[in-house]
Amino acid sequence: DVTVKENENLTSELIIRDAPTLLPVNIPADQVRQFWVTVHVPADAAPGHYKGSLTVQCAGSAAAVLPLHLEVYPFELTPSMVEQSIFYRGVLSGSETPVVQANNKTETQYAAELHDLVAHGVDAPLCYQSTGDGRPAAMALMKRVFEMRRDAGVSTDRFFGCFYGYGPRDDPELARRVLGEVVELTKAFGYREYYNYGPDEAGVEQCRQQIAPWRFLREEIGAKVYLAASPAVWMGTGPAREELWDQFNDVVNLVVAGGVPNPEWAARLHEADLLIYNYANPQGGIEEPLTYRRNFGLLLWKTGYDGVMTYAYQAGWGHIWNDFDAANNWCDHVMAYPTSDGVVSTLQWEGCREGADDLRYLATLLATIEAAKKDPAHAEQARHIEKWVATIDPQSDLDELRREIVKGIVALTQ
């Protein structure tokens, strides 16, 4: 067992690699194993219906042939209207000796994980790379992170930094120098905005103490501010809470709100020109793909949220491959397990991809409706489909919803 720390044969250089192709697997009698098949369609594939088959064979039994049908649609998907982000703790270690854990990565591991994030629709992951207080070696690694994010296709809209906490007792001159260098990097690599995180899960009093530091970050550094915070900050009542809210919404740009999405919270924050993202509905690592598809997909659009940013892509309290070795009895938060040169995906991670795709299909339909309303030949039908969109229920059959969305797109573009 490579996850047992007492194993004398376990070293930090242990090589764990996934097989490049699917290999035979042993499944004990009376047990079930689930396999998720993802078909990658080439960008230049012609629209139309494709078919094939999957063959499953067990020793001593006849082969089971499963028909596979694939429809390639005659349109390109537009980006999601709900930003897909996640707490990504991976950092470049500066070493090319692979260690299998949530944090320190070689360039090979880091590149593989960035590509995996983007391939699953999560194109705005947080950055945890340390600035090392601006030391040249640390900033060289930071620049390399920017290069690798660019090469992986990470979005250049918002850069979410999660590596430099700034509070009432911190040195403003150091922050001005170090974060100023980071902000210049974001500009050089084409990012529209730089966001600085923290403090994490702040309550009322901690937010009150952060007003001046946040104002410094905005006015002196040119950074925007985002954090997970208690809803008591923006939904509290009474003169003291109202005063705090007035100060808070003047210096904070984005709130990451936990739990079930709340339309009232979204409305309250939007009135003050703040963005609202969602986390902990649930955190990463729960083996429920449909839950992630629904909760981080159409449910966020329906409740008026601007993005998702749950914790985490990989976070462990023991060995990252052992979900049950944490002293606090928490299950590791893992969406894709790290290897020495890549990742092993999970059902919950594929569910996240489906949720992101649901949003892209809907975004495509909404854009198609707006264009069709300007065309006399399609305007009436577009308004009819628009009324149907307003009735979408994220708790209903998501596969059926997607089929109806596709029908609408095709009907308005024929």
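This is a predicted model: local features need pLDDT of at least 70, side-chain atom pairs count only at pLDDT 80 or more; totals for chains, interfaces and linings use all residues.
1. About 70 Å³ of space lies inside the largest cavity. The idea behind such a search is simple: rolling a probe the size of a water molecule over the atoms shows where empty space is left.

2. Cavity lining. Which residues line the largest cavity? They are Gln-84, Ser-85, Ile-86, Val-122, Phe-296, Val-308, Thr-310, Trp-349 and Cys-352. Strand S3 (83-87), strand S11 (307-311) and helix H10 (347-372) each supply at least two residues of this lining. The most comes from S3, which gives three residues. Sorted by class, the lining has six nonpolar and three polar residues, and no charged ones.

3. Leu-117. This residue is found in helix H1. With a relative accessibility of 0%, Leu-117 counts as buried, because the cut-off for that class is under 20%. Not counting residues up to four places away in sequence, Leu-117 touches Ile-86, Tyr-88, Val-122, Pro-125, Tyr-313 and Trp-349. Ile-86, Val-122 and Trp-349 are also among the residues that line the largest cavity. Tyr-88 and Leu-117 are 29 residues apart in sequence, and their C-alpha atoms are 9.3 Å apart in space.

4. Helix H2. How does the span of H2 agree with its number of residues? The helix has 17 residues, which at 1.5 Å a residue should span 24 Å. Its end C-alpha atoms are 24 Å apart, so the two values agree. The buried residues of H2 are Ala-138, Met-139, Met-142, Val-145, Phe-146, Met-148, Arg-149 and Ala-152. One of them, Arg-149, belongs to the charged class. The cover over these buried residues includes strand S4 (91-92), helix H1 (107-119), S6 and helix H3 (172-188). Just after H2, Gly-153 takes a positive phi of about 85 degrees.

5. Ser-155. The loop between helix H2 (136-152) and strand S6 (158-161) holds Ser-155. Is Ser-155 buried or exposed? Its relative accessibility is 16%, so Ser-155 counts as buried. The side chain of Ser-155 reaches the backbone nitrogen of Asp-157 at 3.1 Å. Leaving aside neighbours within four places in sequence, Ser-155 is in contact with Asp-123 and Tyr-191.

6. Backbone geometry worth checking. Most residues other than glycine have a negative phi, and most peptide bonds are trans. The next two points list places in this model that depart from one or the other pattern.

7. Positive phi. Two residues other than glycine can be listed here. Glu-201 has a phi near 50 degrees, a positive value. Glu-201 lies in the loop between strand S7 (193-197) and helix H4 (204-221). With a relative accessible area of 47%, Glu-201 is partly exposed. Asp-273 has a positive phi as well, near 65 degrees. Its place is in the loop between helix H7 (263-271) and S10. Asp-273 counts as exposed, because its relative accessibility is 69% and the cut-off for that class is over 50%.

8. Cis peptide bonds. The bond from Asn-281 to Pro-282 is cis, with omega near 0 degrees. Pro-282 sits in the loop between strand S10 (275-279) and helix H8 (289-295). Another cis bond joins Tyr-311 and Ala-312, where omega is about 10 degrees. Ala-312 belongs to the loop between S11 and strand S12 (314-315).

9. Thr-291. This residue lies in helix H8. At 24% relative accessibility, Thr-291 counts as partly exposed. Which residues does Thr-291 touch, not counting those up to four places away in sequence? They are Pro-282 and Phe-296. The side chains of Thr-291 and Glu-288 are joined by a polar contact of 2.8 Å. Thr-291 and Gly-351 are 60 residues apart in sequence, while their C-alpha atoms are 7.6 Å apart in space.

How values were computed:
Residues are numbered from 1 along each chain as its sequence is written. Side-chain values use heavy atoms; hydrogens and water are left out. Helices (H or I, at least four residues) and strands (E, at least two) are DSSP runs, numbered from the N terminus. Buried means under 20% relative accessible area, exposed over 50%, partly exposed in between (1.4 Å probe, protein chains only). A polar contact is a pair of N or O atoms within 3.5 Å; within protein, one must be able to donate a hydrogen and the other to accept it, and residues adjacent in sequence count only if both atoms are side-chain atoms. Contact means heavy atoms within 4.5 Å. The expected span of a helix is 1.5 Å times one less than its number of residues. On a 1 Å grid over the protein atoms alone, a cavity is a set of points where a 1.4 Å probe fits but cannot get out, and a pocket is an open set with protein on both sides within 12 Å along at least five of seven lines; lining residues have an atom within 4 Å of a point. Grid points are joined across faces, edges and corners, and a volume is the space filled by probe spheres set on the points.
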